[in-house]
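Have a look at the model first, then read on.

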Amino acid sequence: MAWFYFCALAATADARIVESFKLGGWRGDAFVNDQSGRFASCVAIARYRNNISMSVQVDANYNWWIAFSSPGWSLKPGEKIALRYRIDEDGWQQGTATAMSTKLARIPMPAGGYFISRFRRGRSLSIDDQVNTFRFTLTNTARLLSSLAKCVQKNAGIYGTAPLANARSNNSRPTAQGTMSPSSKMPRKPEFIIEASQALFNLMGHLGVRGVNLRNKSSRRPSLKGIHAVATNDTRTLVAHIFERGKYRSEKAVLTSVISQAAKNCPGDFSSNTGSQRRGGAELHYGHSTCRADKFMVSELYAITRRKRGGIYTYGLSDKQVRGGGGGSDENASVSPPQSVFVSAEQFRIAASQSSP
């Protein structure tokens, strides 16, 4: 019965399963829309002793939800249910569940990264709806989220993704992440988008970075909408942008502007450094900044190289680390999607110097 109720979690109405996996007590499936043939989401479900099933859903944009179902419930579809939840003995978080059917309700999880980090490492999840408090033991959640991330990455690549008009806004992310754009209103010529995308793919290839997805303008947070090419996951952002000749004063001025914007958006302690060097006969300008806040730290790398057809390429990489520990095993498990390599400043400079098409 629980699995029948869980099918309401599919991102579109007429969904079908194209892949399945098992991990301990979890059963996972990948859904595509029967009408469009596009990838919708990957979901996993586990049944608990109290006859309540908990499920986790991750969509093509790595938004995620937790859902609960029980054959004994009589919910009103569309009803909003105020509740609170927490991992282990952390402070209670306020949330709102939506009844997706008479037997199932789901809760959108915050996009900032803190809760998902605690979910994969924690021992238990508590839900309080002001009438009852439910406690769920978290087992294999680090491996589960890694498996779901790989499921999304694989099936989104095979089947493609639906338009992102209904994607959850990224405005809730800490503003320090992804501050690498001098302006979100800069013109984005189609030919520059294609060229910058190739440069970004080259950069990712030289760095050996995997598990980040190219984002179109509608799926980005506002600070990244003006950049020619952007690839992200929950913790990492890479960008490539072209400045035409005559559209900037100097490479140093561009770098200063980018770092100034990063400092402005940092809600905590900010530090940075810049420099330049000749690499392969060409001058390379580079920089690094760090923003340390109460619950997260963001480290950003920047590099500027000359463009053969005039102008410059500006590259950026932003990594976010969420503070906080937990009790689970597999501390190094990737979340969404897998972030495969640590990138040093020197590695980034070398890769940037080699990435121009």
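Rings of Phe, Tyr and Trp (its six-membered ring) pair if their centres lie within 6.5 Å; planes under 30 degrees apart count as stacked, over 60 as edge-to-face and the rest as tilted. With that rule, ring pairs link Tyr-48, Phe-68 and Phe-136 into a cluster.

This is a predicted model, where local features need pLDDT of at least 70, side-chain atom pairs count only at pLDDT 80 or more, and totals for chains, interfaces and linings use all residues. Numbering starts from 1 along each chain as its sequence is written, and side-chain values use heavy atoms, leaving out hydrogens and water.

**Overall**
- Of the 357 residues in the chain, 52% are buried (under 20% relative accessible area, with exposed over 50% and partly exposed in between; 1.4 Å probe, protein chains only).

**Aromatic pairs**
- Searching the whole structure turns up five aromatic pairs.
- One of them is Tyr-48 with Phe-136, edge-to-face at 5.0 Å centre to centre and 80 degrees between the planes.
- Tyr-48 sits in the loop between β3 (39-47) and β4 (53-59) and Phe-136 in strand β10 (residues 133-137), so this pair ties together parts 88 residues apart in sequence (strands are DSSP runs of E, at least two residues, numbered from the N terminus).
- Both partners are buried: Tyr-48 has a relative accessible area of 17%, and Phe-136 comes in at 1%.
- Phe-243 and Tyr-248 also pair edge-to-face, with 6.3 Å centre to centre and 75 degrees between the planes.
- Phe-243 is buried, at 5% relative accessible area.

Definitions and conventions:
Helix = DSSP H or I, 4+ residues; strand = E, 2+ residues; numbered from the N terminus.
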